[in-house]
Amino acid sequence: MSASNHANAFALPAVDADGRKNLVGLSRDELEAEMLSIGLEKFRARQLWHWIYHRGATDFAVMTTLAKPVREKMADHYAIARPTVVKDLKSTDGTRKWLLRMPDGQEVESVHIPEEDRGTLCVSSQVGCTLTCRFCHTGTQRLVRNLDASEILAQVMLARDMLDEWPAPPDGRMLSNIVMMGMGEPLFNYENVAKALKIVMDGDGISISKRRITLSTSGVVPAMRRCGEELNVNLAVSLHAVTDELRDIIMPINRKYPLRDLMAACRDYPGLSNARRITFEYVMLKGINDTPADARALVKLLEGVPAKINLIPFNPWPGAPYERSTDRAIQVFGDLVNNAGYASPVRTPRGEDIMAACGQLRSESLRLTAAERAAIDKVIAEKDAELA
Ligand code: SF4
């Protein structure tokens, strides 16, 4: 399925069981149009924006700057919805994973990773994923649908609810950064992701700066430039292999957008400089992509791209076909890349005990039987056929 088809597919009706429209995820213009449609003034949209995105209100009754009849009228027509939290798991390292259920019963996961000086929320863009990166648990799940802008945004808003961060606390936020690295390929759902991120970045609301937002792609080349021009957020590229031969296998999207095209799109990404580099994600797979020769080839591949490389020790999941590289192999690889002038930190796995680490997200936990393994292989074969 093409990127544009993805963007249009699987729309979810934005009306709740009482027939009330959800206001979360509407642009400012759309919000104004809604106000006019129920006979209220345009400026009510600005007031609503403040209550919804700065104060985190989920109930019109608390909007005390609005007269009671206005609040009641709004409540008759609209909702400020949140997904249902099905599971709230906390790792021994402080990482939290929320399994969220959307109004149609579909589930996604988002993960909060606290660090000393910041906190990062890993946000999902799709239920499942059309791609089949071999090291990724989400890739074994069938794509069910794209998330709409409200569902992407709601993950951020719900995390703020859970972290008690409405309005922003004065002494630094627990939720300061966002990475679009959860379930799904964000550039296959670009319109919804862009709409949600523009609201997240709006200075009168959630107000997280584009410098603190990173969008991670497996390499959807045609959408990369647009993402840079329109959103200007940081870009991360899941690279994971330095030859087409290997990347075709572990990241089948490479058959459609091979390394030469991908690296050209990286060089063209708007706004790159030494202060603003692309992050290349590189999962370390034992005996697959972790030799010194691979490290040297990586350095050559990156020529001309302001880059930083995140080395990710592979995080296993039930039935995974790979093993994590040894610490020694990771260190040798990292030193070679680092000595060539590229920062190459090794990412400490976070939340492994709750299956929240990179590549481990999947909306149900699995202990695979042979039949289930066969079913997953079938899904992978079907999805790969679409990329052929
Ligand atoms: S790594 Fe990302 S793009 Fe690849 S299968 Fe997993 S969720 Fe999809």
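This is a predicted model: local features need pLDDT of at least 70, side-chain atom pairs count only at pLDDT 80 or more; totals for chains, interfaces and linings use all residues.

Two residues are taken to be in contact here if their C-beta atoms, placed from the backbone, lie within 7 Å. In that sense, V221, M224 and R225 of helix 7 meet D261, L262 and A265 of helix 9. By class, this contact of helix 7 with helix 9 comprises four nonpolar, no polar and two charged residues.

The mean pLDDT of the protein is 89, with 89% of its residues at 70 or more. Among the elements, helix 10, residues 292-301, has the highest mean pLDDT, at 98, whereas helix 1, residues 3-8, has the lowest, at 43.

Helix 7 spans residues 221-230 and helix 9 spans residues 259-267. Their axes are 9 Å apart, and the packing angle is about 5°. Helix 7 is therefore roughly parallel to helix 9.

The second pair involves helix 10 again. Its axis and that of helix 11, residues 327-339, come within 9 Å and cross at roughly 25°. Because angles under 35 degrees count as roughly parallel, helix 10 and helix 11 are roughly parallel to each other. Their crossing is right-handed. Helix 10 contributes P292, A295, R296, L298 and V299 to the contact, and helix 11 contributes V332, F333, L336 and V337. These residues divide into eight nonpolar, no polar and one charged.

What is the packing angle of helix 5 and helix 6? Helix 5, residues 149-163, and helix 6, residues 190-201, pack at about 40°, with their axes 8 Å apart. Helix 5 is therefore oblique to helix 6. This crossing, too, is right-handed. On the helix 5 side the contact is made by A149, I152, L153 and V156; on the helix 6 side, by N192, V193, K195, A196, I199 and V200. The classes here are eight nonpolar, one polar and one charged.

Finally, the ligand. Which residues are around the ligand? They are C129, L131, T132, C133, C136, T138, G139, M183, G184, E185, S218 and S238. This shell divides into five nonpolar, six polar and one charged residue.

Thank you for your attention.

Conventions: Residues are numbered from 1 along each chain as its sequence is written. A residue is near a molecule or strand if its C-beta atom, placed from the backbone, lies within 6 Å of it. Ala, Val, Leu, Ile, Met, Phe, Trp, Tyr, Cys and Pro count as nonpolar, Asp, Glu, Lys and Arg as charged, and the others, Gly among them, as polar. Axes are lines fitted to C-alpha atoms, for helices over the stretch in contact, and angles run from 0 to 180 degrees between N-to-C directions. Helices (H or I, at least four residues) and strands (E, at least two) are DSSP runs, numbered from the N terminus. Angles under 35 degrees count as roughly parallel, over 145 as roughly antiparallel, 65 to 115 as roughly perpendicular and the rest as oblique. A crossing is left-handed if the near helix is turned anticlockwise from the far one by less than a right angle, and right-handed if clockwise. pLDDT is the predictor's confidence in each residue, from 0 to 100.
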